[in-house]
Amino acid sequence: MFDDNAKDKVTKQLDAWDANMQKRYSDRVFDLRTDGGIPIKPVYSPADIDHLDYDVISMPGQYPYTRGIYPIMYQAQPWVMQQIHGHGLPEHARERMDYLAELGLTGYGETRSYNLVFDQVCKFGYDPDNPEVGDLVGLVGVNMTTLDDYDRLLKGLDLERTAIVLNQGIHSMIALAFFIIYGEQQGVPKEKLRGNTMNWLYKGWMTDLEMYPPKPAFMIMSNFIRWCSRNMPRWNTTNIVSYFAEEAGGTPVQEAAMAMSISIALTEACIAAGCQPDEFLPRFGFQIALGSDIFEHVAKIRAMRRLWATINRERFGAQDPHSMTIRCHSQTSAVSLTAQQPMVNIVRSAYHALVGVLAGVNGMTINAYDEALGIPTDESLMLAVRTHQVAQYETGMPNVTDPLAGSYYIEWLTDRIYHDAMDYIEKIEQQGGFIKGWESGWLRNELANSAYEWRRRIDSGEKVVVGLNKFQSSVHRKAQLYKIDPKVKEVAIERVKRYRAERGMESERAAALESLKVACEGVLDNHKADFMPALIECARARSTVEEMASAMKGVFGWGSVY
Amino acid sequence: MKPMKSEDKIRILLSKNKMDVHDRGIRYLARKLQEAGFEVILTRHGLIDEVVNIAEQEDVNVIGLSFSAGGHISACLRLQQLLKERGMTDKRVIVGGIIPDDDIPDLEETGVQGVFGAGSSADEAVAFINSMFRGEKLLRP
C-alpha cells in the first residue's frame with residue numbers, strides 16, 4: 001500500500017519505537033487479546049496494513065462495501081432507532097408503539113417503523129389456551145392469535161407509510177398472512193405493504209427446541225422467499241440473526257462466519273427453488289451483535305460487509321449492487337449486561353451503541369438497562385431511546401461516514417476478521433455446510449465451547465465483569481421491574497374462544513386448511529407449489545395461529561433435532 | 001455380590017420449558033455439575049407433569065428448573081402440587097435463570113430450596129447441592 005519512501009520512514013520510526021519500548025518496559029510482557037481471542041499489539045502502524053490492497057477498503061458505497069453500503073451514510077439517512085417492543089395483549093403493545101412514537105422514533109425516509117416482537121406462544125405456533133403454553137402468554141412478546149388482534153394493534157396506522165417488523169420468529173409467515181388480509185381490509189394491496197418477516201427457520205441450529213427439521217425448514221424458507229420476491233416488492237423476507245450466535249457464546253469471528261454460512265445455505269436453497277440471486281438477495285437483512293470489545297465488533301461489521309459482497313459476487317454471480325450491500329440491523333449485547341448493579345447497564349449499552357455508530361449500521365436496538373431482569377419499563381425504554389438521540393444529535397459522529405477508516409488497527413483487524421471468518425466458513429463447508437453442521441450438532445458444540453470458555457474466563461477473573469466478579473457492591477439499588485398485567489392470559493383465552501365460536505366460515509376454513517396441507521406437500525415436492533397463497537386464505541377464513549401452524553407441522557414435521 | 005453402581009452419586013434433573021430459548025446457562029451448569037461428579041439429566045418439557053415423570057423414572061435427587069422468560073412461580077406451584085400428589089417430596093427443587101429478587105420468597109413458599117439467578121456461579125450451585133445431602137446415604141432399591 002505504501003511506496004518505498006514511506007516504508008523507509010515507517011521502518012525508522014518503528015525502530016525508534018522498539019528502542020523506546022526496550023528502555024521503558026523491557027521487564028514486561030504485554031499479552032493482549034481481543035475479547036474474541038485474537039492476539040493484538042498495544043500499538044499499530046502503517047507496517048501492519050502495508051499488505052492490504054486499497055481495493056479491499058475502497059470507498060463507501062463501492063464494492064466490497066467495507067466502508068458502508070451507501071456513498072454517504074448518516075448524513076443522508078440516520079440509523080433507524082429500531083427498538084424492539086411487544087408484550088401482553090395487542091392493545092398493550094399498541095400503547096407502547098404510541099409511546100415510542102412520542103419519544104421520537106421514526107423510520108427509513110418518510111416512513112414510521114415498528115419492531116414488534118410476538119410472544120413465545122405465537123412464535124411456536126400455539127394458541128393461548130393450549131395447556132402446554134403455561135404462563136408464557138404475552139410475557140416477552142405480544143400475543144397475536146387472530147385477525148381481530150391485528151385490528152386491535154394496527155388500527156389507524158397508515159400502512160403505506162408504516163414499516164412493521166413482524167417478529168413471530170419461525171412462524172412470521174403466519175403474521176404476514178394475517179397482515180396481508182388486514183391490509184386488504186384497509187384498502188392496501190400486498191404489493192404496497194412494507195416491513196419484515198424473520199424467516200428464522202434456520203434458528204434451530206443453536207438449541208434443542210422443537211422446530212421444523214433442517215431440510216424441510218430450508219424448503220419452507222426458500223419457498224417463502226420465492227413467493228415474496230415475486231409478489232411483494234417492498235417486503236423484506238428474511239432476517240439473518242447472527243446476534244443469536246453472539247448471545248449463545250460465539251466469538252465475533254464465529255458470529256460473522258455463521259451469518260455468512262446461513263446466507264450461503266439460504267441462497268443455495270433459493271437457487272434450487274428456481275430463483276436467480278439478484279431476485280432475492282436484496283431483501284435479506286441482518287441482525288448483528290454490538291458487543292463490548294468496541295473495536296473488535298466495529299471491525300467485525302466492516303468485515304461482514306466485505307464478506308457478504310464478496311461471497312455474493314464471487315460465489316453466486318450476483319450483479320445487482322443491492323445483492324452485495326448488506327443491510328445491517330443491530331442489537332446491543334444483552335449477554336454482556338448484569339442483573340447486579342443494573343444501572344451500570346446504561347453505560348454498557350451506550351458503549352455498545354457506539355460500536356453501531358462507528359461501524360455504520362443501518363438500524364439499532366439499544367437494550368434497556370433492565371434487560372437482564374425483564375422487559376423494559378417506560379423509564380428504562382426512554383433512556384434507551386435517549387441514548388440513540390444523544391449519539392445522533394450531540395456527538396457529531398453522524399457527520400462523517402466510516403470515520404475509523406484508515407486507522408492502522410481498524411483496517412488490520414477488519415482484514416484479519418475477514419480472513420478468519422472465511423477460514424471458519426470453509427470449516428463449516430468441511431462439515432458439509434450449514435445444514436449438515438446443524439444436524440450433526442457441530443455448530444451448536446462450537447458455540448457451547450465458546451460459551452464455556454467465556455464463563456471460565458469470568459470465573460477465573462481473567463475476564464472482568466464490573467459488579468459481578470469485581471467491584472461488587474452490597475449497596476444494591478433495586479430496579480423497578482415491569483409488571484405484565486396478570487389478566488393477559490385470561491383475556492387472550494377468552495378472546496380466542498369467542499373468536500372460534502363466532503367466526504363462522506366453517507367450510508371456507510376447512511377448505512383453506514386442506515389446501516394449505518396440499519400446498520405444503522407441494523413445497524416438499526421440489527417446490528411444485530407455493531404455500532403462502534393457501535396460508536393467506538386460511539387467515540382470510542379466520543383460522544387461528546395454532547390451526548395454521550398445526551397444518552404446516554403435520555406436513556413438514558416438528559421436533560427437536562438433538 | 002451386587003455389582004457396584006453409581007449409588008452414591010447425586011442425580012440431578014435439569015429442565016427447561018420447550019419454548020424457552022436461551023439455554024447457554026443451563027448447558028454450562030449441566031457440564032459443570034458433571035465435572036463435579038453428579039449425574040445430570042438435561043431435558044425440555046411442555047407440561048411440568050413431564051418433569052415429574054422423568055424425575056420419577058430417573059430416580060433423581062434434585063430437580064432444577066431454568067427460566068429466561070418468566071412463568072417461574074406458576075411452574076413451581078404446579079411442581080409442588082405434583083410432587084405432593086405423587087409422594088415425591090424427598091426430591092429437592094432448585095431454580096435458576098432470570099429470577100427477580102422479589103419473587104424469591106414466593107418461590108421458597110412453593111418448596112424451592114435454592115435460587116441461582118443471573119450471574120450465579122456454577123461453584124455456588126455445586127456447593128449448595130452438596131450441602132443439601134451432607135451426611136445422607138443415597139440408597140436405591
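Visitor: What counts as a buried residue, and what share of the 562 residues in chain A is buried?
Guide: A residue is buried if 20 or more other C-beta atoms lie within 10 Å of its own. The model is predicted. By that cut-off, the buried part of the 562 residues in chain A is 52%.

Visitor: Is Gln341(A) buried, exposed or partly exposed?
Guide: Gln341(A) sits in the loop between β11 (328-332) and α11 (344-359) of chain A. Its phi is near 45°, a positive value in a residue other than glycine. A residue needs 20 or more C-beta neighbours to be buried and 12 or fewer to be exposed. Gln341(A) has 18 other C-beta atoms within 10 Å, so it is partly exposed.

Visitor: Is Asn526(A) buried, exposed or partly exposed?
Guide: Asn526(A) is placed in the loop between α17 and α18 (532-540) of chain A. Phi is near 55° for Asn526(A), which is a residue other than glycine with a positive value. Inside 10 Å there are 11 C-beta neighbours, so Asn526(A) counts as exposed.

Visitor: Which residue does a cis peptide bond join to Tyr63(A)?
Guide: The omega of this bond is about 0°.

Visitor: Which strands stand at the edges of the open sheet of chain A?
Guide: The sheet has 5 strands in the order β4-β5-β6-β7-β8, with parallel pairing. An edge strand here has a single partner strand, so one side of it is left without a neighbour in the sheet. The edge strands are β4 (84-85) and β8 (235-236) of chain A.

Visitor: Which residue in β7(A) is the bridge partner of Ala163(A)?
Guide: Strand β6 (residues 162-167) and strand β7 (residues 194-197) of chain A run parallel and are joined by 4 bridges. In β7(A), the partner of Ala163(A) is Arg194(A).

Visitor: At what angle do the axes of α17(A) and α19(A) cross?
Guide: Helix α17 (residues 506-524) and helix α19 (residues 545-556) of chain A have axes that come within 9 Å. The crossing is right-handed. The angle is roughly 35°.

Visitor: How many nonpolar residues are in the contact of α17(A) with α19(A)?
Guide: From α17(A), the contact includes Leu513(A), Leu516(A) and Cys520(A). From α19(A), it includes Met548(A), Ala551(A) and Phe556(A). Beside 1 polar and 3 charged residues, the number of nonpolar residues is 8.

Visitor: What is the radius of gyration of chain A?
Guide: Chain A has 19 helices and 12 strands. The globule rule gives 24 Å for 562 residues, and the value for chain A is close to this, so the chain is as compact as a globular protein of that length. Along its principal axes, the C-alpha trace spans about 85 × 60 × 45 Å. The radius of gyration is 24 Å.

Visitor: Which element gives the most residues to the side of chain B that touches chain A?
Guide: The contact takes 30 residues from chain A and 24 residues from chain B. On the side of chain B, the elements that give two or more residues are α1 (24-35) and α3 (72-85). By class, this side has 9 nonpolar, 8 polar and 7 charged residues. With 4 residues, the element that gives the most is α1(B).

How values were computed:
Residues numbered from 1 in each chain as written. Chains lettered and ligands numbered in written order. Predicted model: local features only at pLDDT ≥ 70, side-chain atom pairs only at ≥ 80, totals over all residues. Pairing = 2+ DSSP bridges. Axes fitted to C-alpha atoms, helices over the stretch in contact; angles between N-to-C directions. Left-handed = near helix turned anticlockwise from the far one by under 90°. Contact = placed C-beta atoms within 7 Å. Nonpolar A, V, L, I, M, F, W, Y, C, P; charged D, E, K, R; others polar. Rg over C-alpha atoms; globule rule 2.2 N^0.38 Å.
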